[in-house]
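User: Hi! Could you walk me through this chain, starting with how its strands are arranged?

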Amino acid sequence: MSQLSPYTRGGVVAYDEGAARSGEVHDLLRAWSVIAKRWRLFLALWFGFVTLVALATYLTPKSYTTTARLMAGRPSRDIAAHDNDTALPILNALVLQNGEQTAETFAQLAQQHDIAQDVIAAENLHVTPRALLGRLSVKPVVNTALLNLSVSWRSPEEAAAITNAFADAFIEQERSYVRSEAVAALGFLGKELPKAQGRLRIAQGRLARFQATHGYIDATAHEQDVASRVGALDQRIDQLTIDAIEASSLLASVTRQEATLKATVDSEHDLQPNPLLADLRAKLVATETQLADARQEYTPQHPAVIALERQRAALLSQIAAQPQSVVSRTSISPNPLYGSLEQQAAAYRARIEGDDGQLRALRARREAYGATVAALPSEVMAYAAIRDEATRAENVYSALARKYSDAQIATTTAISDIFVVESARPESAVRRPSLVTNVSVALLAALLLAFGIVYVLDLLDHRAIAADASSVYGLPVLARIPAFAPSSKRMLPWAQSMTIEAFLHLCVALKRVSTHRLRSLVVLSPSRGDGKSTVAFNLASAMASLQPRVLLIDADMRRPTLHQRAGRPNDVGLSDVLRGTLPLDDAVQSVLPGFDLLTSGGDAANPVAALEFAFESLLRTAQERYAMVIVDAPAASAVSDGLFIATHVDGTVLVVSKHTDDRSTRKTLGQIASLRLENLLGIVLNREPVRVTDYDDYFTPRALDGAPS
């Protein structure tokens with residue numbers, strides 16, 4: 001539900017969701033109803049079309065088509081044109097001419113005027129070549145070398161004979177063509193073969209002289225050999241350069257070590273006991289003796305004892321500092337480490353000199369190879385040109401010799417490029433037109449045609465009804481409710497405004513058509529799904545905005561929907577009031593200010609009996625408290641509840657949807673007429689197709705001040 005304010009104060013518009021919920025099911029039911037309404041016309045169109053097709057097929061002269069299968073081309077051809085390319089244009093043409101040909105090419109060659117003349121003469125046919133070719137069909141089988149050659153004729157035997165005659169004539173023509181090609185080729189090849197042999201000898205002689213002069217057979221191998229030798233020299237030069245650098249670095253390191261060493265060292269020493277050490281030990285013995293005597297005479301803190309202890313400690317320190325022996329004589333000899341470093345330095349100098357000598361020799365050899373490397377490109381190009389010339393001369397001679405041999409064989413054998421894989425047989429002839437096939441197709445086509453015609457007629461009828469419903473049913477059209485899908489955001493503003501305007505128009509129309517004061521109203525529809533409940537709900541909302549105190553009663557106690565549209569519970573309602581278990585005031589629920597709703601309530605065992613028992617008194621009570629009472633009744637074609645309610649209210653409105661069956665509407669009007677009801681006010685056309693351009697000038701929001709409106 002959407003709250004709208006442009007035309008109603010707090011008005012509520014409930015959109016008709018019946019069509020959206022029914023969806024495809026509704027379309028299928030409508031299609032079936034269209035056929036059911038005009039089933040006689042549908043069957044007449046369907047049976048008439050099938051009968052017409054069957055009769056035309058039966059009366060059409062029959063023809064029989066037989067097919068022969070041919071193999072096009074000789075599979076032994078495997079020579080690519082680029083491998084045999086020569087300097088002779090005519091020979092190139094011959095090479096390509098005898099190569100593999102496509103099945104499409106042979107299909108075109110089979111449809112020639114002279115072949116048709118040969119078939120006419122062979123089969124003694126009384127027909128022109130053009131007419132015979134019109135009955136011929138040659139089609140290649142996709143992705144194969146096969147051809148299907150078909151001929152259509154009056155009888156299967158004649159069709160098979162003509163088909164096989166066409167195949168034989170085509171094969172014979174190809175054989176004659178091959179023979180004529182071979183004769184023409186022999187004359188050309190006989191002249192060119194000696195010339196090609198002479199050119200081959202000259203080219204081979206030039207190649208042999210070049211190889212003998214330069215000392216190699218293959219230029220590529222020679223170039224690779226030179227490159228590998230130069231690469232080896234460069235690698236050796238790099239290695240020696242690195243080795244010399246390494247030796248220089250090691251020599252510098254050894255030289256630095258030699259600078260820190262002496263050339264000689266002390267090699268021998270003569271030792272004797274240290275005389276000072278013996279004197280110190282004698283003093284120590286004397287001091288310890290004195291200390292022992294003092295300790296016997298004095299205490300440990302006596303100065304004499306302390307002085308002797310200090311003297312003893314000093315002597316021990318001096319003895320520990322003196323060596324046990326002293327050198328009396330020293331001998332000098334060369335330093336062995338210094339000599340080893342001198343030997344290493346000499347080895348590194350020799351290594352550096354050797355590397356320098358090898359580098360000079362290798363660089364000289366590298367410079368000698370420079371001229372050879374510089375001459376390689378031109379030498380290789382010259383060799384390649386001579387070799388290519390010899391190869392072309394050899395290819396020309398080989399191709400000429402092979403073609404000469406093939407031409408000699410072709411002149412004697414004349415093998416065709418076409419041969420029959422399967423001959424045409426009368427029993428395999430296909431009859432046309434086929435009665436079974438045509439009738440099968442006609443059954444489906446007639447079904448679609450008949451449905452299309454009755455659907456168009458039904459559509460025209462509905463358009464006529466929508467255009468002038470008053471002239472069809474003899475009743476005034478009170479309002480036309482537009483058909484919009486509320487899910488469309490672009491159309492939603494117009495849909496809301498136009499829908500509200502339509503129900504306001506319905507309110508005004510009800511007051512104009514009623515001959516007396518209208519206090520109660522029932523909303524009926526011929527069948528379910530016409531949008532009756534939606535119309536009743538929106539009509540009550542619109543009336544409440546114009547004249548408050550409106551009560552909407554959901555009298556469809558079998559399939560109630562109004563409580564869902566209003567978003568209210570349905571625990572109690574009309575059925576409880578009719579049974580007397582609940583007063584009207586307690587059962588009524590407020591939807592908007594001035595707009596109350598009485599839902600259907602719990603299930604009623606017999607709705608008609610409940611309505612007949614207490615509906616009249618309920619209606620009187622409601623009219624005393626409300627300015628307008630609107631009743632949403634069940635569909636008239638389903639049950640009689642709505643017709644009963646219509647006999648007790650002041651007015652009746654019939655909601656007819658655009659998709660409603662015309663027979664259902666007329667049946668409902670007949671039921672109303674049989675009850676002699678005089679309160680039928682008119683018809684509301686629901687889901688009326690409209691254009692936004694009819695209303696956009698009125699419902700487009702106003703422009704701002706100062707802007708044109």
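User: In what order do the eight strands of the open sheet run?
Analyst: Happy to start there, with a predicted model in which local features need pLDDT of at least 70, side-chain atom pairs count only at pLDDT 80 or more, and totals for chains, interfaces and linings use all residues. Residues are numbered from 1 along each chain as its sequence is written, and side-chain values use heavy atoms, leaving out hydrogens and water. Strands here are DSSP runs of E with at least two residues, helices are runs of H or I with at least four, both numbered from the N terminus, and two strands pair if DSSP finds at least two bridges between them. The sheet has mixed pairing, and its order is S10-S17-S16-S11-S15-S12-S14-S13.

User: Which strands are the edge strands?
Analyst: An edge strand of this sheet pairs on one side only. The edges are S10 (477–482) and S13 (589–592).

User: Why is S16 largely enclosed by the rest of the structure?
Analyst: Side chains in a regular strand alternate between the two faces of the sheet. In S16, one side carries Gly 651, Val 653, Val 655 and Ser 657 and the other carries Thr 652, Leu 654 and Val 656, all of them buried; buried means under 20% relative accessible area, exposed over 50%, and partly exposed in between, with a 1.4 Å probe and protein chains only. S16 (residues 651–657) is largely enclosed because its buried residues number seven of seven.

User: How many bridges join S16 to S17?
Analyst: On one side, S16 runs parallel to S11 (residues 520–524), and four bridges join them. Leu 521 stands opposite Gly 651 there, and Val 523 has Val 653 as its bridge partner. S17 (residues 680–688) also runs parallel to S16, with Val 656 opposite Leu 685, and the number of bridges between S16 and S17 is six.

User: At about what angle does H19 run to S15?
Analyst: Two helices are worth a look here. H15 (residues 532–546) lies across S11, S12, S13, S14, S15, S16 and S17, at about 170° to S15. H19 lies across S11, S12, S14 and S15, and its angle to S15 is about 140°.

User: Which residues is Phe 615 in contact with, leaving aside its neighbours within four places in sequence?
Analyst: Contact means heavy atoms within 4.5 Å. With those neighbours set aside, the partners of Phe 615 are Leu 578, Ala 610, Val 631, Phe 644, Ile 645 and His 648.

User: Is Glu 174 buried or exposed?
Analyst: Glu 174 lies in helix H7. Beyond neighbours within four places in sequence, Glu 174 is in contact with Phe 106, Leu 109, Ser 416, Asp 417 and Ile 418. Its relative accessibility is 5%, so Glu 174 counts as buried.

User: What is the relative accessible area of Ile 202?
Analyst: Ile 202 is found in helix H7 (residues 156–214). Ile 202 and Ala 393 are 191 residues apart in sequence, with their C-alpha atoms 9.2 Å apart. Ile 202 is exposed, and its relative accessible area is 56%.

User: What is the mean pLDDT of the chain?
Analyst: pLDDT is the predictor's confidence in each residue, from 0 to 100. It stays under 50 over residues 17–24, a stretch with three contacts beyond four places in sequence. Where pLDDT is low, the predicted coordinates should not be read in detail. Across the chain, 78% of residues reach 70 or more, and the mean pLDDT is 77.

How values were computed. Axes are lines fitted to C-alpha atoms, for helices over the stretch in contact, and angles run from 0 to 180 degrees between N-to-C directions.
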